[in-house]
Amino acid sequence: MTDTGPQNRYADVSLALKQGRETLIDDLLAGKAPHFLDDHARLVDDYFRNSYEKSVVGPKMDIAKNPYAVVALGGYGRGEQCVFSDIDLLFLFEKRVPRVAEDLVREIIYPLWDMGLDVGHATRSIKECVAMARKDFEVLTSILDARFICGMSPLFMKLMDQVRSKFINLKPDMIISWLVDSNRERHRRFGDSSYLLEPNFKEGQGGLRDYHTMLWIAKIKSGIKQRRDLEYYGYFSHDDYLHLSESLDFIWNIRNRFHLMMNRKSDQIHLEQQRRLAETMGIPAVNGNLPVEYLMGELHGHMEYVKQQHEMFLYEMEQQKRLQRKNKGLKTTEVKGLKFNRGMLNFASPEKILNNPRLLIDIFVESAAQKSPLNSEAKRLVADFGYLVDNDFRSDPEVVRQFERILTRSSQTFEVLNQMLHTGFLVRFIPEFKAVVNRMQFDQYHLYPVARHLLYTVKIMRDFDTDAPSPGDPLAVSLYKELKKKKLLLWAALLHDIGKGEPVEGHSERGAHMAEKILLEKGASAADAKTVAFLIEHHLLLVQNATRRDINDEETALSMARIIKRVEILKMLYLLTVADSMATGPKAWNDWTSSLLRNLFLKVLNILQHGELASGRAVRLVDKKRQAVAEIAAEEMPAERLERLLNFMSPRYMLYTAVEDIPRHLRLFSELGERPFVWHIDKSTESDTRTVTICAKDRPGLISRIAGVFTLNNIDILDVQVFTWRNNIALDVFEVTPPPDPIFENERWERTRGNLEKVLADNLELDNALLRKKDDAVPIQPYTAERPSEVVVDNTSSSFYTIVEVVTFDFPGLLFRVTDALFKCGLDIWVAKIATKVDQVVDVFYVRDFDGQKVDAPLQVEAVKSAIMEILPGDGSTNG
């Protein structure tokens, strides 16, 4: 037989790995690879071992004098080799790294790179490895996971012995503290993946890193070698270990399938990818849930289990530390039928539960009081004896009182309610919860599934009553402390989205009926049940009006006051709105939303406390402002000129414009001269926004052109107030987001000014410029495209204006095109508000025709709808 040569020998080795991977991946897709991670790691091991045997460079290295070993690190070292996971490798030498080692690395690693695999490698001596492990704990954790592949095995053993004897055994507590602190920081950055709609399999709370942290700590404390040792060394019971393994296998399977779908390593699954993954995996619809809802519900459940095991692991470790401290003992309980096991709550025996079913609620009350979790056995017993919660137990006055005690008084409300949810107790106690447990909200607005969003809303509400720093709304903190019936507000927080169990419109009204029934069954008075139902039915009232209506319009606040009627209810509704928005996510709660909501609340509060504003009072207010402006501006211009300019200003402008702003507007007008426009840009004191006040000679389509220029420069419009003085001067006030690059903000504003000058001089075609920008934009995601666009023309909410609502998907130039369509319909825009409705936008316009009349003729209404629908994506629909 003839030698085929080193190149052909390596080709054979590479081909074997490539073919082996292809076969293994086919088995994975067919559901026939239950041990994919191990099998995949072994395939890679075989490649390195065969390469070692056939190496041309190896014999030149004089292994007898300077032995070396090839060592697997990190996930590869643990044998957790997902489809596109990195292959981390250490070429370990006893004394020094010879120059020829680079040739060895190239010989072995390059073929893997040619195959498209990500290979990370290091070439170090034992001394260098120990020194780096001392300085960099991330290097230490990779060595903790190290596994010998080929070469001189005694060398590998020597490395592990030295790392342990020279560092780990000397400072185990310091290393473990670093691991715990790093975990907290990771959770802060990546969030709780057991809750998030777009979870991170690896780094988020409940992800694989939580399991890795437990593994590393056990390796440091007990020197365990593999995952199975977690049970053998007593870190987990047999059942807990089996459940943990099941959860990890599920997460790894999803991660592998996701890698294949994306054709690359990826650990965060975004909304638009989730349906694709469910379809690719052939997930069936289960119990009325869509395949993607079932898939993500299962994923969240398994990540929740990993999260809870990780929390209990760290909690128990902390309890053991307490025992080691002088005069520190484990916790005890005086509740008969309960006991503590290693710092965690459990039942004294299953018989105790049968004899006293109230223990099923008592254990959660004690958990809240002692700030201690239920252990695994207790959670299992709660689930096993859940049938005792059915029927009369749910309405037992003492049980309801205990539940409300948890709901209203516990500083650990979120954690205890979460334990109730995870064990199934909450669904038994409130059966209506079952429909929202895994109910997903497929949009870019909500961060959490419905049930967990409800629990998070409760947590935020309770945070209003703590001494912690303000959670983002000082007014909410002060209002919450004034409330007399906090219990009703907490019930409303817990149930406000309970109507989302059915995937159809009208969840607020449906939820209100459900909540009233629930409260009555639990023994609440009819009045209290109706209060909770009212709060739930109207929990979107304030935020929708704040973001979609002109809050300076007297009628907006009046209509709210007529619905709400009582100051106490207004305060509760405001608090529910704030907590709900905060729990929804940053697209629902930000500085701008907060500012709008607070201003609307204060206006409605003023009406409820002092009565409805009469027109006579408005006239007196305008006269008072005119006098104040005259006094301020007296030194800047002659009284006769000032009087003439004030007479040009409409009553609406005088009513809604702050006294201190009017002289600034007058100065802008004085600067205008023959220019097409002048502007002034202010940074808002209440939010990270900019107020752009533009004074210009009025012309048809002015608002549309300004909107187009802002869009061209990536400046989002949040709100517009349009005022036209009687001397044909337009005074338009735009509330906008700042330009995207804060360092060069002034330069961006100058460019925007130049664009607007060109547009007003007809030297820049906005249509073409925005079309080019649209071509470069990110396309609408397929899952959002299922929602139709909608145009609503409202002639009832305002006495003087027609309100046009446009619900659609955002794209560059949208506001320009809508305002242009309104202009071409012969309509003047007086107020424009830009709001977000889930992953869509809601553009709201207060309009009148060029004669100053509302658009209420049927033919006019249809013409407006048709004109706008023509420029929107999708087929859409229209409503009156």
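**View 1. Helices α24 and α25 cross in a right-handed way.** A crossing is right-handed if the near helix is turned clockwise from the far one by less than a right angle, and left-handed if anticlockwise. This is a predicted model, in which local features need pLDDT of at least 70, side-chain atom pairs count only at pLDDT 80 or more, and totals for chains, interfaces and linings use all residues. Residues are numbered from 1 along each chain as its sequence is written, and side-chain values use heavy atoms, leaving out hydrogens and water. Helices here are DSSP runs of H or I with at least four residues, strands are runs of E with at least two, and both are numbered from the N terminus. Helix α24 spans residues 507-521 and α25 spans residues 526-537; they pack at about 160 degrees with axes 8 Å apart. Because of this angle, α24 is roughly antiparallel to α25 (over 145 degrees; under 35 is roughly parallel, 65 to 115 roughly perpendicular, the rest oblique). Axes are lines fitted to C-alpha atoms over the stretch in contact, and angles run from 0 to 180 degrees between N-to-C directions.

**View 2. Here is where α24 meets α25.** Look for S508, E509, G511, A512, A515, E516, L519 and L520 in α24, facing A526, A529, K530, V532, A533, I536 and E537 in α25. Contact means heavy atoms within 4.5 Å. By class, this contact has nine nonpolar, two polar and four charged residues (Ala, Val, Leu, Ile, Met, Phe, Trp, Tyr, Cys and Pro are nonpolar; Asp, Glu, Lys and Arg are charged; the others, Gly among them, are polar).

**View 3. Helices α18 and α23 pack at about 90 degrees.** Helix α18 (residues 397-409) and helix α23 (residues 486-495) have axes 9 Å apart, and the two are therefore roughly perpendicular. F403, E404, L407 and T408 of α18 touch K487, L490, W491 and L494 of α23. That makes a contact of five nonpolar, one polar and two charged residues.

**View 4. F403, F433 and L495 touch the most other members of the largest nonpolar core, which has 96 residues.** Such a core is a set of buried Ala, Val, Leu, Ile, Met, Phe, Trp, Tyr and Cys residues joined through side-chain atoms within 4.5 Å. Buried means under 20% relative accessible area, exposed over 50%, and partly exposed in between (1.4 Å probe, protein chains only). Helix α28 (residues 567-584) gives the largest share, 11 residues.

**View 5. N714 has a positive phi, near 60 degrees, though it is not a glycine.** You will find N714 in the loop between α34 (702-712) and β9 (717-724). At 37% relative accessibility, N714 is partly exposed.
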